[in-house]
Amino acid sequence: MSTTAAPRPEFRDREGAVEPDLVAAEAAAAAFLKALGMDHDSEHLRATPGRMARAWAEMLTPRPFNLTTFPNEEGYDELVLARGIPFRSICEHHLLPFTGHACVGYLPGERVLGLSKLARVVEHFACRPQTQERLTKQTADWLQAQLGAKAVGVVLKAEHSCMTLRGALATGSSTVTSTLLGTLRTDPSSRQEFLALAGF
Ligand SMILES: [Zn+2]
């Protein structure tokens with residue numbers, strides 16, 4: 001995303017994104033299952049490579065939407081906060097899902113955003129190979145750039161299946177990340193108010 005461009009309603013960071021090639025992905029999934037010693041020609045697994053390809057393509061492709069912003073005509077100057085936003089993403093190290101909830105808030109500047117769109121911003125950045133840290137920061141940076149917000153706060157709490165179902169087998173563990181920008185970062189009382197409302 002260009003840092004010098006004027007705020008635009010649509011996402012600009014997926015220009016040039018390549019559409020999934022489901023035929024190639026299915027062939028690769030079949031080869032993958034075979035390499036792991038599974039008989040993908042058996043009756044039970046015959047349709048699995050195709051399902052795998054479609055499932056991964058779905059999880060890695062954000063739904064298109066137009067992120068319209070509105071002028072803050074009423075001069076609303078308190079926190080706008082959406083919490084309990086469910087999200088799922090894919091860890092870029094193992095390509096395994098991580099799932100959790102987000103709390104996204106901002107202190108309006110020139111522009112405001114429809115509330116449901118806060119969830120869509122998280123979803124947009126979640127539909128790619130990710131780290132939780134980057135997902136948190138991308139969501140916050142995008143909101144600040146697009147809304148000219150005085151402050152933005154994003155907190156994510158997630159369970160990583162690469163940590164709970166394999167490896168450390170840390171079942172039930174969760175990871176919390178946060179990005180605070182603007183006055184939420186610099187003013188201790190605003191920061192405290194946000195974190196209390198976020199409920200993490
Ligand atoms: Zn991982």
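Axes here are lines fitted to C-alpha atoms, for helices over the stretch in contact, and angles run from 0 to 180 degrees between N-to-C directions. The legends below describe close-up views of a predicted model.

**Figure 1. Helices α3 and α4 cross at roughly 130°.** Helix α3 covers residues 115-126 and helix α4 covers residues 132-147. Their axes come within 9 Å of each other. Angles from 65 to 115 degrees count as roughly perpendicular and those over 145 as roughly antiparallel, so α3 is oblique to α4. The crossing of α3 past α4 is right-handed. On the α3 side, the contact is made by Leu118, Val121, Val122, Phe125 and Ala126. On the α4 side, Leu135, Gln138, Thr139, Trp142 and Leu143 take part. Sorted by type, the residues of this contact are 8 nonpolar and 2 polar, with no charged residue.

**Figure 2. Helix α3 is largely enclosed by the rest of the structure.** Of the 12 residues of α3, 9 are buried, which is why the helix is described as largely enclosed. The buried residues are Lys117, Leu118, Arg120, Val121, Val122, Glu123, His124, Phe125 and Ala126. They pack against several elements: the strands β2, β3 (97-107), β4 (111-113) and β5 (129-130), and the helix α4.

**Figure 3. Helices α1 and α2 form another crossing pair.** Helix α1 spans residues 22-35, and helix α2 spans residues 48-59. The two axes come within 8 Å and cross at roughly 120°. The helices are therefore oblique to each other. As α1 passes α2, the crossing is right-handed. Helix α1 brings Leu22, Ala25, Glu26, Ala29, Ala30, Phe32 and Leu33 to the contact. Helix α2 brings Thr48, Pro49, Gly50, Met52, Ala53, Arg54 and Ala57. The residues of this contact divide into 10 nonpolar, 2 polar and 2 charged.

**Figure 4. A zinc ion has three protein donors, Cys91, His94 and Cys162.** The donor atoms are SG of Cys91, ND1 of His94 and SG of Cys162, and they lie 2.2 to 2.3 Å from the zinc ion. Along the chain, the donors follow the spacing C-x2-H-x67-C. Are Cys91 and His94 buried or partly exposed? Cys91 has a relative accessible area of 5%, so this cysteine counts as buried. His94 has a relative accessibility of 37%, so this histidine counts as partly exposed.

**Figure 5. Phe87 is a buried residue of strand β2.** Strand β2 runs over residues 80-91 and includes Phe87. The relative accessibility of Phe87 is 7%, and because buried means under 20%, this residue counts as buried. Which residues does Phe87 touch, not counting those up to four places away in sequence? They are Phe98, Thr99, Gly100, His101, Ala102, Val122, Leu135, Leu156, Lys157 and Ala158. Among these, Val122 also belongs to the contact of α3 with α4, on the α3 side, and Leu135 belongs to that contact on the α4 side. Phe87 and Phe98 are 11 residues apart in sequence, and their C-alpha atoms are 8.5 Å apart in space.

**Figure 6. Thr164 lies in helix α5.** This helix covers residues 161-164, and the zinc donor Cys162 falls in that range. Thr164 has a relative accessible area of 5% and is therefore buried. Leaving aside neighbours within four places in sequence, Thr164 is in contact with Glu159, Leu169, Ala170, Thr171, Gly172 and Ser173.

**Figure 7. Asp141 is a partly exposed residue of helix α4.** Its relative accessible area is 31%, so Asp141 counts as partly exposed. Asp141 and Val152 are 11 residues apart along the chain, and their C-alpha atoms are separated by 8.1 Å.

**Figure 8. The whole chain has 7 helices and 7 strands.** From the N terminus on, the elements run α-α-β-β-β-β-α-β-α-β-α-β-α-α. The C-alpha trace spans about 65 × 35 × 25 Å along its principal axes. The chain has 200 residues, and buried residues make up 40% of them. Among contacts between residues at least 6 apart in sequence, 69% join residues at least 24 apart.

Key
Residues numbered from 1 in each chain as written. Predicted model: local features only at pLDDT ≥ 70, side-chain atom pairs only at ≥ 80, totals over all residues. Heavy atoms only, no water. Helix = DSSP H or I, 4+ residues; strand = E, 2+ residues; numbered from the N terminus. Parallel < 35°, antiparallel > 145°, perpendicular 65-115°, else oblique. Left-handed = near helix turned anticlockwise from the far one by under 90°. Contact = heavy atoms within 4.5 Å. Nonpolar A, V, L, I, M, F, W, Y, C, P; charged D, E, K, R; others polar. Donors = N, O, S within 2.8 Å, 3.2 Å for Na, K, Ca; no water. Buried < 20%, exposed > 50% of the residue type's maximum accessible area, 1.4 Å probe, protein only.
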